[in-house]
Structure formats: C-alpha cells, structure tokens
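Student: I have just opened this structure for the first time. Could you walk me through it with some questions and answers?

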Amino acid sequence: MKMLEDESKKEKKKDYATATFKTSRLINGHSIENAAAGVLDLKISHRFGMVNKGAYEFFGLDQATMRLGLDYGISNRLMIGVGHSTFQKQYDAFGKFKILRQSKGGRWSSPISISAVSTVMLNTLKWEDPTRKNFYTSRLAFAHQLIIARKFSEGLSLQLMPSMVHYNIVSEVTIPNDIFALGIGGRIKLSKRLSFNAEYYHVLPISIVAGEGYMLPGTKNSLAVGFDIETGGHVFQLHFTNSTGMTEKTFITETTGDFFKGDIHFGFNVSRVFTIKDKRKKK
Amino acid sequence: MKKLFIVTVLISAAAFATAQSIVMTKTGKISFYSRSKVEKVEADNNEVSSILNTQSGDLVFAVLLKSFHFERALMEEHFNENYVESDKFPKSTFKGKVTNLATVNFTKDGAYPITVDGELTIHGVTKKVTSNGSITVKAGKIAAFSKFSIKLKDYNITIPALVGDKISEDIDLTVDCKYEPKS
C-alpha cells in the first residue's frame with residue numbers, strides 16, 4: 001500500500017471543485033455552475049405578486065409572472081440558453097463560459113472560479129409611442145457579468161458578481177445607458193439536499209448623468225433569499241425577492257419593490273435536467 | 001574481494017527478483033452497477049491503481065472516487081456529493097492477499113481461479129471482504145478479474161426513501177486489471 005501511495009504522489013491529479021451550487025441559477029441571477037456537457041436544463045420560473053397586497057390578492061398568489069427557459073451545455077465550460085418571460089414580453093439569450101475553475105493538486109491550483117456571462121434581452125411590448133420612428137434596436141438591452149466564486153467548504157459557497165447593464169435606449173437624457181452593479185451571493189448547505197441561498201445586487205454610483213441618479217428612477221437594489229431543494233433530477237428553488245423580472249436587466253436595474261416594506265414576491269424556479277449526450281466516451 | 005563480488009551479485013540478484021515479482025497498473029478498470037426496477041445506474045473508472053506481489057500474494061488497490069464516470073452528469077454529481085462524499089473521503093482502498101497463491105503458476109499461460117481476502121475501505125468505513133476471481137497469465141502478462149457485490153448499508157451510505165426505488169441496496173462491482181512489471 002505504501003508503494004501505491006508513493007506512486008500516486010508522483011503524479012497528483014488535478015481536483016476541480018464541483019457542485020459549488022446546486023444549479024446554474026443562484027436565485028434570480030446566474031451562479032458559477034453550468035449545465036454539464038450534453039445536458040439540457042429546462043427552467044420554469046414563477047414570481048407571484050407582492051405578499052403585502054393582502055388577502056384580496058391572496059397575498060400575491062393571484063398574480064404571477066413567469067419565465068420559461070432552456071439551457072444547454074455545449075462543453076463542460078460553455079453553456080448557452082434562451083428564455084421567454086411574460087414580464088415585458090421579453091425574449092432573452094445568453095452565453096456563459098467558465099474562464100477559471102477552482103482546483104487543487106496538479107501543476108498549479110486556483111482558489112477561485114471565474115465565469116463570464118453575457119445576456120441579450122429583447123423587450124417585445126408594443127411601442128410606447130407608435131407615432132415616432134421606432135428602431136428595432138431600441139428594444140434591446142444587454143448585461144455582462146463576471147462571476148467570481150469560491151467553495152469554501154462543503155457547506156459554504158460565496159460568489160461576487162460585478163455586472164453591467166446596457167440599454168440601447170432610455171426614456172430621459174438624465175438616465176444613464178450603462179448601469180453598473182456589484183452582486184454578492186452565497187449558500188449555506190443545511191443538509192445534503194437542502195441549502196439556504198441569498199443574493200443581493202447593489203447598483204454602483206458610477207455612471208452619473210447630468211448630476212442625476214445612477215439608477216433608473218424609482219428603483220431599488222435587488223435582494224432575494226431562498227432555499228434550494230434537490231430531488232433526483234429536479235432542483236426546486238423557493239424564494240422571496242423584491243424583484244419581479246427574471247432577466248438580468250429587470251432584476252438588477254428595474255426592481256421597484258422595497259423588500260423591507262413588504263414588497264416581496266414569493267417565487268420558485270424548477271430545474272429539470274435531461275441528458276442528451278452520454279457523458280462517457282463510447283468504448 | 002572475490003567474496004565481496006559474490007555478495008554484491010547475490011544482493012543485486014535478490015533485488016532483481018523482488019522487482020520482477022511486483023507487478024502494477026495505473027489504468028485498471030473498476031465498474032459498478034446498481035440495477036433497480038426503475039433505473040439502471042452504472043459507472044466506470046479506468047484510472048485504478050493496483051499492485052500485485054506475485055511472490056507473497058499481497059494485492060492492493062487505490063481508487064479515486066471522482067474518477068468514476070456516469071452516463072449522466074447529475075448522477076456523477078450526486079454520487080460525489082451525496083453518497084460517497086468524495087471531498088471528505090476522496091479515495092477508496094483495498095488491501096488484501098490472494099489466499100490460494102500456490103495454485104497460480106505465473107510462468108505458464110492459463111486462467112487460475114483465486115480467492116482474495118482483505119479489507120475494503122469505502123466512505124471511511126473499512127470492512128473485511130472475501131471475493132472470488134481469476135488471474136490470467138498470457139505470454140508473461142498478468143491480468144486479474146473479479147466480480148463481487150457489496151451492500152451500501154455496510155459503508156454507511158444511505159439512500160433517501162424518495163429515490164429508494166431507483167438505487168439498489170446491493171452494488172455489483174467488476175474489477176479488471178492488466179498488470180505490467182514494475183519498473
């Protein structure tokens with residue numbers, strides 16, 4: 001046995017951190033995880049109305065917005081996805097790439113993982129003012145995010161998400177086209193199949209236009225807390241958030257609810273994975 | 001001087017003989033199967049390290065659990081995360097002895113049935129196991145094969161009731177190693 005240990009010490013295998021989070025979304029936004037190569041991930045997400053609307057609206061459950069999404073892992077590093085939201089009748093598409101993976105052993109190791117996500121969002125609501133000349137490009141907004149994550153231990157993972165949202169068009173000259181935000185999120189595992197997650201995006205006072213606000217008028221920072229419950233091929237995410245939308249531009253920059261005044265939406269994401277391609281190479 | 005020479009020759013001959021009697025592999029195969037009514041779970045590991053001492057019969061295996069690959073990525077994640085907890089227990093080992101080594105003729109081609117006694121460590125739990133298998137000698141090359149089954153319960157691996165009908169309590173293991181002389 002000693003001989004075997006000596007042999008294996010000579011060529012220590014690189015060991016990548018796996019399962020930093022249970023699924024590719026933390027709550028509203030992306031986590032460091034990707035769908036594995038050849039895996040299709042169907043995402044069904046709902047946000048109900050605000051709980052402080054009282055019994056008449058059945059504490060928000062009478063209203064709902066949803067997003068239907070499909071993600072696919074092209075390789076173990078690259079994932080793409082598309083989705084449609086009822087909120088603003090949006091279509092969205094994204095690409096997500098793992099730049100660096102947390103690892104130990106091997107020739108060099110990395111204490112963190114880094115991924116980049118770029119999302120394009122298309123609002124297809126009817127034009128606000130059909131009398132003026134409207135351009136198709138005015139419907140587009142973009143979001144670029146870096147995700148820097150570390151799995152500190154089996155039970156604790158944290159990530160930082162520097163983000164930038166770009167609007168091709170905004171309604172006032174005092175509103176910036178580019179909005180910068182820093183997100184922070186993490187999870188604490190409560191048991192093998194249950195974890196507590198939190199996610200917060202803070203809009204940064206970077207692009208101040210004409211001395212005015214750096215946020216969209218009347219908006220708040222996005223906060224979400226929830227649980228991930230894993231059962232075989234499904235991950236259920238149940239959460240409370242002040243954001244209505246489920247795309248980057250809508251939750252980072254267009255959140256109107258005040259979490260601490262009870263403008264909270266109950267919501268859930270259901271993720272179901274389908275293996276399209278066998279992971280193992282055919283013999 | 002002459003004496004010293006003879007001693008040196010004897011020592012090096014002895015060293016040569018021991019070196020010859022130890023064969024090893026780093027690309028051995030271990031597969032496991034769990035057949036339940038609902039789902040078939042199988043995984044392969046092609047990076048098994050093993051050493052066999054053909055003189056003493058000592059046989060050892062070391063397996064990195066993260067090197068088991070499954071048909072579905074999610075199965076692999078659950079295997080590592082929830083069942084064998086490979087961050088806590090990265091390696092499984094077996095340390096044992098071929099008990100009927102005398103019946104194996106390593107210099108003659110053929111298949112020889114063997115019995116192996118030893119200690120198997122999975123998920124931090126060590127259990128005594130006895131399994132039957134065979135050693136095949138062909139053109140001087142030694143290969144070992146064995147098939148046996150273990151109970152998850154014995155190694156403190158619990159299957160939640162929710163997926164109880166998808167994962168069998170008995171796991172069949174297949175070991176297939178082709179040895180090379182240790183250089």
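This is a predicted model: local features need pLDDT of at least 70, side-chain atom pairs count only at pLDDT 80 or more; totals for chains, interfaces and linings use all residues.

Student: Which residues of H2(B) are the buried ones?
Tutor: A residue is buried if 20 or more other C-beta atoms, placed from the backbone, lie within 10 Å of its own, exposed if 12 or fewer, and partly exposed in between. In H2(B), which covers residues 73-83, the buried residues are B:Ala73, B:Leu74, B:Met75, B:Glu76, B:His78 and B:Phe79.

Student: Is B:Asn82 buried or partly exposed?
Tutor: B:Asn82 is found in helix H2 of chain B. It has 18 C-beta neighbours inside 10 Å, so B:Asn82 counts as partly exposed.

Student: Leaving aside neighbours within four places in sequence, what is B:Asn82 in contact with?
Tutor: Two residues are in contact if their C-beta atoms, placed from the backbone, lie within 7 Å. B:Val60, 22 residues away in sequence, is 27 Å from B:Asn82 in space, C-alpha to C-alpha. With neighbours within four places set aside, the contacts of B:Asn82 are A:Lys192 and A:Arg193.

Student: In what order do the elements of chain B run?
Tutor: Helices (H or I, at least four residues) and strands (E, at least two) are DSSP runs, numbered from the N terminus. Chain B has two helices and nine strands. Read from the N terminus on, their order is α-β-β-β-β-α-β-β-β-β-β.

Student: Which element gives the most to the side of chain A that touches chain B?
Tutor: Across the two chains, 22 residues of chain A are in contact with 22 residues of chain B. On the chain A side, the elements that give two or more residues are helix H1 (2-10) and strand S14 (265-275). The one that gives the most, with four residues, is H1(A).

Student: How do the residues on that side of chain A divide by type?
Tutor: Ala, Val, Leu, Ile, Met, Phe, Trp, Tyr, Cys and Pro count as nonpolar, Asp, Glu, Lys and Arg as charged, and the others, Gly among them, as polar. On the side of chain A that touches chain B, the division is seven nonpolar, six polar and nine charged.

Student: How many strands form the closed barrel of chain A?
Tutor: Chain A has two helices and 14 strands. Two strands pair if DSSP finds at least two bridges between them. The closed barrel runs S2-S3-S4-S5-S7-S8-S9-S10-S11-S12-S13-S14 with antiparallel pairing, and its number of strands is 12.

Student: Which residue in S7(A) stands opposite A:Ala93?
Tutor: Start with S4 (residues 78-85) and S5 (residues 90-100) of chain A, which run antiparallel and are joined by eight bridges. There, A:Ala93 in S5(A) is the bridge partner of A:Val82. S5(A) is also joined by 10 bridges to S7 (residues 113-123), again antiparallel. In S7(A), the residue opposite A:Ala93 is A:Val120.

Student: Which residue in the hairpin of S4(A) and S5(A) takes a positive phi?
Tutor: This hairpin has four residues between the strands. The positive phi is near 60°, and the residue is A:Gln88.

Student: Which residue in S13(A) stands opposite A:Gly226?
Tutor: S12(A) and S13 (residues 234-241) of chain A pair in the antiparallel sense over eight bridges. In S13(A), A:Gly226 has opposite it A:His239.

Technical notes:
Residues are numbered from 1 along each chain as its sequence is written. Chains are lettered from A and ligands numbered from 1 in the order in which they are written.
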